[in-house]
Amino acid sequence: MLNKIATPSETKKILKEYDLRLKKGLGQNFLIDYNIIDIIINAAEIDGDELLIEIGPGIGSLTQALLEELKDGKLIAIEKDAEMVKVLKEIFPQQNKLKLLNEDALAIEWKKIAKENKGMGIKVIANLPYYVTTPIIMSILESEIELEKMIFMVQKEVGERMSSGPGTKKFGSLSVAVQYHMKPEIVHQVPSSVFLPQPDVDSVIVSLTPYSENPHQKKVIDQEFFFQIVKSIFQQRRKTLRNSLSKSAVINLDRDLVTKALELEGIGLKKRGEKLEISEMISITNRLYKMRN
Ligand code: SAM
């Protein structure tokens, strides 16, 4: 029987046995704490018959625990480092529930995976280097595949930005982009001591759950235009909404048009965009879109 991987002694043993030199650029810090693994598993609410997609399995610390939860389901693990994939193949030799992909998660066609596994509920679970986490989350959200859940270990700061609301310092483009698609929740604060080697920053586990009915997407007339407005608001977040929209580097909007649109929306000309709810951003976007066309 396979030993439990996510312990300090077993992790050290595997690194030594396979002579693995960790690649800092790939953020190779491995989980060595089963309390954290249990929290991730519980947050994912695994039924056992779904498709789990793990991004960045490393030496399989979380992979092993995920496989134990599966009954008829399947796990696709996407790992960029070929050396890790080789090790994973040896650690899990006869796991027919596991499909290992030696690929960069940034280049994955999520729609294709969803299509190939049509009918299965999909949950994404990842503990990744922090600099790729946001682009990967965005590429999954923007692919608009149907998801049941996403559970990400992210740098504390990033988790807070994802889940913050209007009027707070951390509320920004990332908050809107994430909350436009799914409901974020910080499930747990994670100290750096649960990793080997220890990273420099603390982390949080973030859960993203789809809305039973998305309150935002169906209201937006033009999604691209909406995100241009969002970008304009936060690129100049200290400015009033009127100034950030009429002096935007992203879109060209006439100042009088912006003034008129704000008046019609009942939004004070001195209000800052960072104080708007997402629903208000959508209303002003739609108003501008119609007035412009
Ligand atoms: N999941 C394991 C754990 O929790 O112990 C390993 C986590 S480690 C923080 C991140 C893993 O992601 C590494 O194995 C690294 O090689 C892999 N990785 C980094 N960038 C990646 C990318 N763009 N696509 C897929 N895997 C990546």
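Modeller: Here we take the labels one by one and set each against its rule. The model is a predicted one, in which local features need pLDDT of at least 70, side-chain atom pairs count only at pLDDT 80 or more, and totals for chains, interfaces and linings use all residues. Residues are numbered from 1 along each chain as its sequence is written.

Biologist: Okay, what makes a stretch a helix or a strand, and how many helices and strands does the protein have?

Modeller: They are DSSP runs, numbered from the N terminus: helices are H or I with at least four residues, strands are E with at least two. By that rule the protein has 12 helices and 9 strands.

Biologist: Why is E79 called buried?

Modeller: A residue is buried if 20 or more other C-beta atoms lie within 10 Å of its own, exposed if 12 or fewer, and partly exposed in between, with C-beta atoms placed from the backbone. E79 has 26 other C-beta atoms within 10 Å, so it is buried. It sits in the loop between strand 3 (74-78) and helix 4 (82-91).

Biologist: And G172, what is that one called and why?

Modeller: G172 has 18 other C-beta atoms within 10 Å, so it counts as partly exposed. Its place is in the loop between helix 7 (156-163) and helix 8 (173-181).

Biologist: How do you know which residues G172 is in contact with?

Modeller: Two residues are in contact if their C-beta atoms, placed from the backbone, lie within 7 Å. Leaving aside neighbours within four places in sequence, G172 is in contact with R161 and F234. For E79, with neighbours left out likewise, the contacts include G56, P57 and M84.

Biologist: What makes you say strand 5 is largely enclosed?

Modeller: In strand 5 (residues 122-127), 6 of the 6 residues are buried, so the rest of the structure largely encloses it. On one side you have I122, V124 and A126, on the other K123, I125 and N127, all buried. N127 itself has 27 other C-beta atoms within 10 Å, so it passes the test.

Biologist: How do you know which strands pair with strand 5?

Modeller: Two strands pair if DSSP finds at least two bridges between them. Strand 2 (residues 51-55) and strand 5 share 5 bridges in the parallel sense, and 5 bridges also join strand 5 to strand 6 (residues 149-155), again parallel. For instance, I53 has V124 as its bridge partner, and N127 has M153.

Biologist: What makes a group of residues a nonpolar core, and which have the most contacts inside the largest one?

Modeller: A core is a set of buried Ala, Val, Leu, Ile, Met, Phe, Trp, Tyr and Cys residues joined through C-beta atoms within 7 Å. The largest has 57 residues, and L31, I40, V124 and I125 have the most contacts inside it. A second, separate core of 18 residues includes Y180, F226, A261 and L276. In soluble globular proteins, nonpolar side chains tend to be buried together.

Biologist: Last one: why is N127 called a "binding site" residue?

Modeller: That label comes from UniProt, whose unreviewed entry lists N29, L31, G56, E79, D104 and N127. Its positions are in the numbering used here, feature names are shortened, and annotations may be inferred rather than shown by experiment.
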